[in-house]
Amino acid sequence: METTELTAERSPRPRPRAAAPAATDTPVDDVPESPAEAKTPTRRPKQSAALGVSPKWPVARILAAVLAVALAATAYAGHGWWKQRQLETAHAEAVTAARQLAVNFVSISAGTVDADLARIASGATGEFGDEFGRGMPGVREAVLTNKVRSVGTVLRAGLVSGDDDSAIVLVAIDATVSNVKAPDGRVSHYRMQLDLAKDDASGKWLVSRLQFVG
């Protein structure tokens, strides 16, 4: 029986394939970086330790804050200065008004009695205004009957206390008075305390109370 070389003619057996690498539990982050990546460190933005913000414009921000505080302080100081100046002006006006009102009160003559009384009444308010209004007819009669002529001169005046719309002022004043019994006149010295109130409508200082204090 003739044999054939089957062994030589048989198809070669396929070689087994290499097994795929098994999956590992190694995290992606633990994969070693390539040499190019390892040479370039990642830069992170610096944080300002003092402000906790990006230092993009730190000087400008600090300067703006300083200027804001300075402006606020200047505005407060300016307001205080303005209030003080306003108070000083009110005090000066009150003393000036008290001097004139005291002169008006003691300057009265028979020849100008009605005008003199009207001038006194226009500077009066409150308690003094009511009191003077009630006594005006009697004063007029006494001045005319005794032919009175009185002229006042302020010696000094000073503020006792006051604010923007009220004040107490002391006035020392001399009055040269003549009448039918003393035609040559004689000097009388008065010391008055005037309580003043500023009228809201006119802005004028008026006498709300007048008393002789020595």
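1. Basis. Residues are numbered from 1 along each chain as its sequence is written, and side-chain values use heavy atoms, with hydrogens and water left out. In this predicted model, local features need pLDDT of at least 70 and side-chain atom pairs count only at pLDDT 80 or more, while totals for chains, interfaces and linings use all residues.

2. Two or more lining residues come from each of helix 3 (58–106), helix 5 (126–146), strand 3 (166–178) and strand 4 (186–198).

3. Strands. Strand 3 and strand 4 run antiparallel and are joined by twelve bridges (two strands pair if DSSP finds at least two bridges between them). Val177 is opposite Arg186 of strand 4. Strand 4 also pairs with strand 5 (residues 205–212), again antiparallel, over seven bridges; there Lys198 has Trp205 as its bridge partner. Six residues separate strand 4 from strand 5 in a hairpin, and Gly203 in the turn has a positive phi of about 80°.

4. Helix 4. Which residues of helix 4 (residues 113–122) are buried? They are Val113, Asp116, Leu117 and Ile120 (buried means under 20% relative accessible area, with a 1.4 Å probe and protein chains only). These residues are on the same side of helix 4 because they cover an arc of only 95° around the axis. An α-helix has 3.6 residues a turn, so residues three or four places apart point the same way.

Conventions: Helices (H or I, at least four residues) and strands (E, at least two) are DSSP runs, numbered from the N terminus. Buried means under 20% relative accessible area, exposed over 50%, partly exposed in between (1.4 Å probe, protein chains only). The arc is that of the directions from the helix axis to the C-beta atoms.
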